[in-house]
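Keep the viewer open as you read.

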Amino acid sequence: DAHPYPRKTAAMGVLKVFDLDPEALAETEILEDLRRMLTADRDAAVVANCLIVLREVDGEQAMATKQNVYGLINRIKDFSEWSPAPNLKPQ
């Protein structure tokens, strides 16, 4: 969708599906789509929601790739005042 609202809402919906049935996500490519959106989506709110979901599903260590870290650092100015704190949570 061209508007970011459906994408950011859909990302959070993935977390609900994961909570109800984690194996259901393994049968789809939804997590791969979220990983791609994390670095490629143009809207910071979508990226923040993808990060929240992937951190919960994959774990924080799995998210600490060079591509993800550089991508998030380069976009830090795009995040709202509510997004940087959870996105830059120290280990």
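A residue is called buried when its relative accessible area is under 20%, exposed when it is over 50%, and partly exposed in between (1.4 Å probe, protein chains only). What we're looking at is a predicted model, so local features need pLDDT of at least 70 and side-chain atom pairs count only at pLDDT 80 or more, while totals for chains, interfaces and linings use all residues. Residues are numbered from 1 along each chain as its sequence is written, and side-chain values use heavy atoms, with hydrogens and water left out.

Start with L25. Its relative accessibility is 4%, so L25 counts as buried. You'll find L25 in helix α2, residues 22-26; helices here are DSSP runs of H or I with at least four residues, strands are runs of E with at least two, and both are numbered from the N terminus. V57 sits 32 residues away from L25 in sequence, with 10.0 Å between their C-alpha atoms.

Now for the helix pair α1 (residues 4-20) and α4 (residues 44-58). Their axes come within 8 Å and cross at roughly 10 degrees. Axes are lines fitted to C-alpha atoms, for helices over the stretch in contact, and angles run from 0 to 180 degrees between N-to-C directions. That is why α1 and α4 are roughly parallel: the label covers angles under 35 degrees, with over 145 roughly antiparallel, 65 to 115 roughly perpendicular and the rest oblique. On the α1 side the contact includes V14 and F18, and on the α4 side V57 is one of the residues involved. By class, the α1–α4 contact has twelve nonpolar, one polar and three charged residues. Here Ala, Val, Leu, Ile, Met, Phe, Trp, Tyr, Cys and Pro count as nonpolar, Asp, Glu, Lys and Arg as charged, and the others, Gly among them, as polar.

Over to N68, in helix α6 (residues 66-74). With 11% relative accessibility, N68 counts as buried. Beyond residues up to four places away in sequence, N68 touches L38, T39 and M63. The N68 side chain also reaches the backbone oxygen of M63 at 3.1 Å.

Finally, step back to the whole chain. Its secondary structure comes to seven helices and zero strands. Of its 91 residues, 30% are buried. Among contacts with a separation of 6 or more, 60% link residues 24 or more positions apart.

Conventions: Contact means heavy atoms within 4.5 Å. A polar contact is a pair of N or O atoms within 3.5 Å; within protein, one must be able to donate a hydrogen and the other to accept it, and residues adjacent in sequence count only if both atoms are side-chain atoms.
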